[in-house]
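Here are a few friendly notes to read alongside the coordinates. Please keep the model open as you go through them.

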Amino acid sequence: MEPKMTHVLRILALVVAGVSPALAQVAPPPVPVPVTQPPTTTTATVPATPVIAGVPVDYVFPTGAGMLIFHVDPAKVADFDAVMARLKDALSKADTATRKLQAANWLMYKSAEKPGDTVVYLCLFDPAIVTANYNPLLLLAEVLPADVQNVYDRMKAAVVRIERMGLTKIR
Amino acid sequence: MRLFGVFPVMGRRTVVALGVTGMLMMSSVAQAQEPPPAQPAAAPVPADPFKFDGSSPVMLMITVKGGQETVFEEAYVAIRTALNASDKPELQAQAKSMQLMRLTAELPAGQNRPYVVFLDPPVANQSYEFTQLLYYSGAWKADDVEIRKQIDAIFEKLKASVAEQGIWPLARK
């Protein structure tokens, strides 16, 4: 089977354009892949996610796995790295087993592709604690209350946007 | 409220697109639609984009045609099962690395669904390309007529279900 090379990026950019102008403005990085198929345009709507009382739904992963994608200002990468490292360290030293477990299963990656307008980080929660909140700011407020405003300011300046992807493991 | 209100996650509609955003950064490779060649030609063989040196993690994004999710998952699980049952340690390691995850969000009927596989790390110098896994990995005795039929059936499922594949090289933080 000889794979045909194609350009997912353009297809996806069109998908994104249908739902998020902000995303559509992001130019994909240069990818040495020729386009062999025309992109298709689709739009999507998503039904409500199950809500856990008192917990913002967007940072909860009731299916037991999930991913947050952080788009970071290239000039603020050091700040973002520092804050996330601090968060993870604080979670691992937290008093509660839940927070320790969150830290243990919090895998963090950075795109190795040449950055475009932003540097992309992936936070994979595998497994995710289904009732836990993975909002980094909420967690920072809990585990680093004394520094939270400073940390928040740095995060706010560094992060252009965050996206969420709930995942289900296939056995 | 200032603390948490200014830093929102994007709306749910974006979540679907996102399956996607990851892919905005990815190199991509279309699912091959051609059956495996009977004999390799003498021409130079192009590098296998699904073969990695194992030094850094990689995320594979597989986009599956709407309505074909079950077909794809059956094929994928069959491959993993065969690799895992192999007596070759490298194939067993490969099976272990191939944890498949499906985008949870419900999508409109017919819309392609993203799946991701985090290879952290990928098994060095082992191809993760489906045809290679099926026909050349040694997980099956592909030269046995009856077994070949089984492999062909899995291949047909992949051919029917996979729309595209992408490769996203990552660095562990």
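1. Start with B:Arg102, whose bridge partner in strand 4 of chain B is B:Tyr115. Bear in mind while looking at this pair that the model is a predicted one. The bridge belongs to the pairing of strand 3 (residues 100–103) with strand 4 of chain B, which is antiparallel and has 3 bridges.

2. Strand 4 of chain B also pairs with strand 2 (residues 58–64), again in the antiparallel sense, over 7 bridges. To find your place in this pairing, take B:Val58, which has B:Leu119 as its bridge partner in strand 4 of chain B.

3. How many residues of strand 4 (residues 113–119) of chain B are buried? The count is 7 of 7, so with buried meaning under 20% relative accessible area, this strand is mostly covered. In a regular strand, side chains alternate between the two faces of the sheet. Here both faces are covered. One side carries B:Arg113, B:Tyr115, B:Val117 and B:Leu119, and the other carries B:Pro114, B:Val116 and B:Phe118, all of them buried.

4. Do look at the loop between strand 4 and helix 6 (130–136) of chain B, where B:Pro121 is found. The peptide bond leading from B:Asp120 to B:Pro121 is cis, with omega near -5°. Chain A has a cis peptide bond too, joining A:Asp126 and A:Pro127, with omega about -5°. A:Pro127 sits in the loop between strand 3 (119–125) and helix 5 (136–143) of chain A.

5. B:Asn125 has its place in the loop between strand 4 and helix 6 of chain B. Its phi is near 60°, a positive value in a residue that is not glycine. Most residues other than glycine have a negative phi, and most peptide bonds are trans. Is B:Asn125 buried or exposed? The residue counts as exposed because its relative accessibility is 53%, and the cut-off for exposed is over 50%.

6. Finally, some context for chain B as a whole. The chain contains 7 helices and 5 strands, and along the sequence they follow the pattern α-α-α-β-β-α-α-β-β-α-α-β. Of its 173 residues, 52% count as buried. Among contacts in chain B with a separation of 6 or more, 75% come from residues 24 or more positions apart. The accessible surface of chain B is about 7600 Å², and carbon and sulfur atoms account for 54% of that surface.

Notes:
Residues numbered from 1 in each chain as written. Chains lettered and ligands numbered in written order. Predicted model: local features only at pLDDT ≥ 70, side-chain atom pairs only at ≥ 80, totals over all residues. Heavy atoms only, no water. Helix = DSSP H or I, 4+ residues; strand = E, 2+ residues; numbered from the N terminus. Buried < 20%, exposed > 50% of the residue type's maximum accessible area, 1.4 Å probe, protein only. Contact = heavy atoms within 4.5 Å. Areas by Shrake-Rupley, 256 points an atom, 1.4 Å probe, with all protein chains shown as cover. Pairing = 2+ DSSP bridges.
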